[in-house]
Amino acid sequence: MKSLGALRGGQPEKKAVVESEPLTGNQLEDLLIEKIDQHLQERNEPVYKKVDYFRPSSTNQCARYWWYMFDGVEYTPSFSPQTYRIFDNGHRVHDRLYEYFRGLGILVEEEFPVSNDDPPIQGTADGIIDLDGHKLIELKSISAEGFQYRQLSHKPSDDHIRQANLYMHCLNLDSGFVIYENKNNQQILPIYIKRDDVFLDKLFKKYRKIYKAVEDGIKPDRPYKRTSKHCARCDLADLCWSEKEIEQEYEPF
């Protein structure tokens, strides 16, 4: 139906256009953060994993975690956008330190695969430098608080000790460095460590026991409480605890 204006030979009536208010500076800031976080959150997609080896970078996972990984499991990572930024920053730290070692002429290898047959182990070592002989390097970026603690104790974290020892064993190296960088001011702390074969023997006994359970089709019991820190940071916790079993707490094998 024509409008009254059109019937009278005039111009059609114009519809009112509602203009939205421009975003404020604070709203634009929040919008930018939201878009970055959404982009990073997209990395948390379902993934299927099935392995036939232990990984040095996951040395502190319980026997049940490894049973799932050897058997094959689908799960969705739950890393926060901030955690992904921490990961990405760590990669950049690696690149920069490699550049320093390369400039010094002491970088022998960087980010290369290593393996062991019994127990089965595969991973990627950060590198080897030639400093009074070949030495392993493991590169870590940590908070100012963590850095200060490592300075006072002059000892790598337990996870990093396990990881470095496994790499040194696979590479037949006697010693190496866990090198920490302070995220706040880029201060560097190299901590020299020697390969501990007694420690490795104990760790390998644990791995062989887990691997035999996998071969025998025996699922290990849950070693921790649901509220433990171990379960809180495990991507397989929901799957693990969805299975009805009696809750127990004892040392993992």
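How far is the sulfur of Cys240 from the closest cysteine sulfur, and in which residue is that sulfur? Keep that in mind as you read; point 2 gives the answer. The notes below concern a predicted model.

1. **The overall picture.** Start with the whole chain before turning to single residues. The secondary structure of this protein chain comes to nine helices and seven strands. The chain has 253 residues, and 37% of them count as buried. Now take the contacts between residues at least 6 apart in sequence: 65% of them join residues at least 24 apart.

2. **The cysteines.** Back to the opening question. The closest cysteine sulfur to that of Cys240 belongs to Cys231 and is 6.4 Å away, which is too far for a bond. A disulfide needs two cysteine sulfur atoms within 2.5 Å, and by this rule the count comes to zero. Cys234 is in no disulfide either, its nearest cysteine sulfur being that of Cys62, 6.4 Å away. Are Cys234 and Cys240 buried or exposed? Cys234 has a relative accessible area of 18%, so it is buried. Cys240 also counts as buried, because its relative accessibility is 9%.

3. **Helix 2 against helix 4.** Two helices that pack together can be described by the angle between their axes and the distance between those axes. Helix 2 covers residues 25–41 and helix 4 covers residues 81–104; their axes lie 9 Å apart, at an angle of about 75°. The two helices are therefore roughly perpendicular to each other. Look for the residues that make this contact: helix 2 brings Ile36, Asp37, Leu40 and Gln41, and helix 4 brings Pro81, Tyr84, Arg85 and Asp88. By type, the residues of this contact are four nonpolar, one polar and three charged.

4. **Helix 6 against helix 7.** Here is another helix pair to find in the model. Helix 6 (residues 158–171) and helix 7 (residues 197–215) have axes that come within 11 Å and cross at roughly 95°.

5. Arg208 has a relative accessible area of 35%, so it is partly exposed. If you set aside the neighbours within four places in sequence, Arg208 is in contact with Asp118 and Pro119. Arg208 and Asp118 are 90 residues apart in sequence, but their C-alpha atoms are 7.7 Å apart in space. There is something else to see here: Asp118 and Pro119 are joined by a cis peptide bond, with omega about 0°. Pro119 sits in the loop between strand 3 (107–116) and strand 4 (121–130).

6. **Lys140 in its strand.** Next, find strand 5, residues 134–142, which holds Lys140. Is Lys140 buried or exposed? Lys140 counts as buried, because its relative accessibility is 15%. Leaving out residues up to four places away in sequence, Lys140 touches His160, Gln163, Val178, Ile179, Tyr180 and Glu181.

7. **Two positive phi values.** Finally, have a look at two loop residues. Asn172 is not a glycine, yet its phi is positive, near 55°. Asn172 is in the loop between helix 6 and strand 6 (175–182). With a relative accessibility of 61%, Asn172 counts as exposed. Gln186, which is not a glycine either, has a positive phi of about 65°. You will find Gln186 in the loop between strand 6 and strand 7 (188–194). Gln186 counts as partly exposed, at 41% relative accessibility.

Technical notes. Residues are numbered from 1 along each chain as its sequence is written. This is a predicted model: local features need pLDDT of at least 70, side-chain atom pairs count only at pLDDT 80 or more; totals for chains, interfaces and linings use all residues. Side-chain values use heavy atoms; hydrogens and water are left out. Axes are lines fitted to C-alpha atoms, for helices over the stretch in contact, and angles run from 0 to 180 degrees between N-to-C directions. Helices (H or I, at least four residues) and strands (E, at least two) are DSSP runs, numbered from the N terminus. Buried means under 20% relative accessible area, exposed over 50%, partly exposed in between (1.4 Å probe, protein chains only). Contact means heavy atoms within 4.5 Å. Angles under 35 degrees count as roughly parallel, over 145 as roughly antiparallel, 65 to 115 as roughly perpendicular and the rest as oblique. Ala, Val, Leu, Ile, Met, Phe, Trp, Tyr, Cys and Pro count as nonpolar, Asp, Glu, Lys and Arg as charged, and the others, Gly among them, as polar.
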